[in-house]
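Student: I would like to go through the helix packing and the aromatic contacts of this model. Please show it first.

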Amino acid sequence: MFELKLLDYPKILKQVASYAYLEETKKNILNLKPSTDKDFILSYLDEVYEIKNIIYRLSSIDYQPFDLDITIDRLRISAPLNQNEFMEINKLIYDVNRTFSYFSQTSNVSLETTSISKYINELVKLKEAKDLIDYVFDFEGNIMDNASSELYRIRKSIRQCESECTQRLNEMIRTHESLLSEAIITIRNGHRVIPVMSKYRSKIKGIVFDESQSGQTVYIEPYFASELENKITILKNNEKNEIERILLDLSVSISKYYNEIKKDLDVILKFDDLFARGEYAKEIDAEKVEIADYIDLIDARHPLIDKKVIVPNTITLRDRNTMIITGPNTGGKTVVLKTLGLLSLMVQSGLLIPVKEGSKTVIFSGIYADIGDEQSIEQSLSTFSSHMSRIVSILKRIEENSLVLLDELGSGTDPKEGASLAISILDFLRERNLYTVCTTHYPELKLYAYEHDSIENASVEFDVNTLKPTYKLIIGISGWSNAFLISSRLGLNPEIIKNAKSKSLEFKDKESHLIRKLEKDSLRVKKLKEEYLSLKTDFEIEAENHRNEMKEEKEKISKKYDEISEEKSKILERTRKEATIILDELEQIKKDLDANKEIKNNAIRDLRGRINSLYEVKEIKKKRADDIINVGDNVKCLAFDEVGKVIKIENNKYTVQLGSMVSVFKKNEIEYVELYDPYKSIISDKGSSSNLKTNVSSRLDMRGMRVDEAKEALEKFIDDAIYANLNEVEIVHGFGTLALRNMVIDYCKTHKEIKRFRSGEEHEGGRGVTICYFKE
């Protein structure tokens, strides 16, 4: 059971529905009822939250209003549809296509669509159905001539007959103008007629359809026109029959898409509902709440009060399930009750509510309220009997985990009896596992709240200087009516106030003193708690910042280490490949030059071993006697376990080049090392590669080779020439189709060891030869 009208729930639904475009959506929203299904509520809140965030970036979709209530049922049984019904289906298909286009933008702006993606995926574009409809109707919904060949023929004949009729009537007007009252064609009773002077009526053969009021003019349809009109009538009847046939055929064809159209309709209605909720959430600055086992609505606002003037209040029931709110009249107690009740109804209806992010609430099995005489927030007058009759009804219906809101509990009767009755009702409610919030003026209830751990005292603040309520809810402190103070400020005779205080029946002095003491203690504890929470928050922020800085530093170091490792791997891999190429060349040279005694098998094996050693950098650690590191020294960076070169020293800070990276270290973070150079003596300990220079040709003739075959020969030739320390080479490719020449030019452009190249001079072979010069 949920109290809806008393908490202004229908007004909220009316506002939400105003953002919907489709009539069925409006109707569904206005009939919306709160749910107790947690999964349903959470799912709806997630969907509306995503839509709200999307609206902030992309606005919403203004769907075309359409009405398919009856049409969808007729479609299901393949009943003939009329022109308007086909146009409504076309509107739906148009909205589906717009929805597809709309949500395709969300990925471009990184918007979350996890919760609503299932609806997007259910949509079907229905291109074939749209093509069928568009083949028959134009964009204004008229059936086109080309809808069928028969319809085209009929309409063409109609136009011909009408044209012939008009043409012959005009001819008659020209030839008999002297017999006519006016030289025009007019319409009488749906027939084309000409106005003839009565005295000449016998001159025109035809049917008289009308006569002027004066009797001087008769309106005659010539016989030829009658014959043509009869023919036109028959043709139009044929046109009507053909249109009915076309629509029937189209209805049968479209009915095959019933399931897809029904699914699209459901999804579009769902999106119209979500967009209405999202737009409303945007309008009231609403947020998604978390579902918990306690209430903590942060800076909650009543959505029907202007957000520019309302004072937000935090309503909390965490460790206690009952709250008693006290304070002066018109101070905002009833607003707090209504705010809690209304926002709870909204959450359980899948609506976002005007609170701060991080707010939490409970899913209630029922929400009951006794607030005034079902009057507005501005009017709270009621009688004891009307209050009690509603409370009796509530107590009969409540169940576990309900929310009960009671305004001015026990009022309207003798204060002592009313207070006793109020305490007894609260005891009854506390014994059942539910939440209760009530307002009161009775001081007995303040003391009652202090005596029970399950009850939270609260009050609405009153500014004694301005004599105005601040509408601020204060948790943990009971309030006072401040009647004597207000009267004094307003100028009431001090003697009257003094006499009133001495005669006050409000409360016993001892109990009053106890409450005042408790309130002072509560204020002191509240202040200490706020200071503690502030310090705790500052500490947590500082600790979090420190953790983030440490995390960033670790990530930075890890990133640098990865970059250095990657750079090292690239260097080693490049070295290995280059060394392997050299080794392969040496082996080939050994085969070709068996007479060369400088290259032995064991030398080749030695070279291969040295090449393998290039996979890792070998360092020889040698500390200087004076422990001095200079620019240009190789050092080991202890944090990365990597070796780099010192490129700058300033203020006891050492800038080290680590591959492509540059980092700054303290002296205790590095140590001097000497590196083993794996490139030294890679050919032979005895001699140099220059020993082989004279055995390599400086000319390559590629004529007659295929391009791929020639390229392979060219690559080997260039490598041999470089190895032999040749300064220049001659490449003969001939003229032909220029394919070989273009290949040679492209190769020379990209080779890093070729300094420049040119075509041969006339005596060298002209453009059939390319001369290459190597870097020194």
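Student: In which hand does α5 pass α9?
Tutor: This is a predicted model, in which local features need pLDDT of at least 70, side-chain atom pairs count only at pLDDT 80 or more, and totals for chains, interfaces and linings use all residues. Residues are numbered from 1 along each chain as its sequence is written, and side-chain values use heavy atoms, with hydrogens and water left out. Helix α5 (residues 83-104) and helix α9 (residues 223-255) pack at about 35°, with axes 11 Å apart. A crossing is left-handed if the near helix is turned anticlockwise from the far one by less than a right angle, and right-handed if clockwise; that of α5 with α9 is left-handed.

Student: How many nonpolar, polar and charged residues does the contact of α5 with α9 have?
Tutor: Contact means heavy atoms within 4.5 Å. Gln83, Phe86 and Ile89 of α5 meet Leu247, Leu250, Ser251 and Ile254 of α9. Ala, Val, Leu, Ile, Met, Phe, Trp, Tyr, Cys and Pro count as nonpolar, Asp, Glu, Lys and Arg as charged, and the others, Gly among them, as polar. The contact has 5 nonpolar, 2 polar and no charged residues.

Student: Is α12 roughly parallel or roughly antiparallel to α13?
Tutor: The axes of helix α12 (residues 384-397) and helix α13 (residues 415-430) come within 12 Å and cross at roughly 15°. Axes are lines fitted to C-alpha atoms, for helices over the stretch in contact, and angles run from 0 to 180 degrees between N-to-C directions. Angles under 35 degrees count as roughly parallel, over 145 as roughly antiparallel, 65 to 115 as roughly perpendicular and the rest as oblique. The crossing angle therefore makes α12 and α13 roughly parallel.

Student: Which residues of α13 make the contact with α12?
Tutor: By class, this contact has 8 nonpolar, no polar and no charged residues. On α12 the residues are Phe384, Met388, Ile391 and Leu395. Those of α13 are Leu421, Ile425, Phe428 and Leu429.

Student: How many residues apart in sequence are the parts that Tyr63 and Phe275 tie together?
Tutor: Rings of Phe, Tyr and Trp (its six-membered ring) pair if their centres lie within 6.5 Å; planes under 30 degrees apart count as stacked, over 60 as edge-to-face and the rest as tilted. The structure holds 11 aromatic pairs. The ring centres of Tyr63 and Phe275 are 6.5 Å apart with planes at 65°, so this pair is edge-to-face. Tyr63 lies in the loop between α3 (38-58) and α4 (69-76) and Phe275 in helix α10 (residues 258-283), so the parts joined are separated in sequence by 212 residues.

How values were computed: Helices (H or I, at least four residues) and strands (E, at least two) are DSSP runs, numbered from the N terminus.
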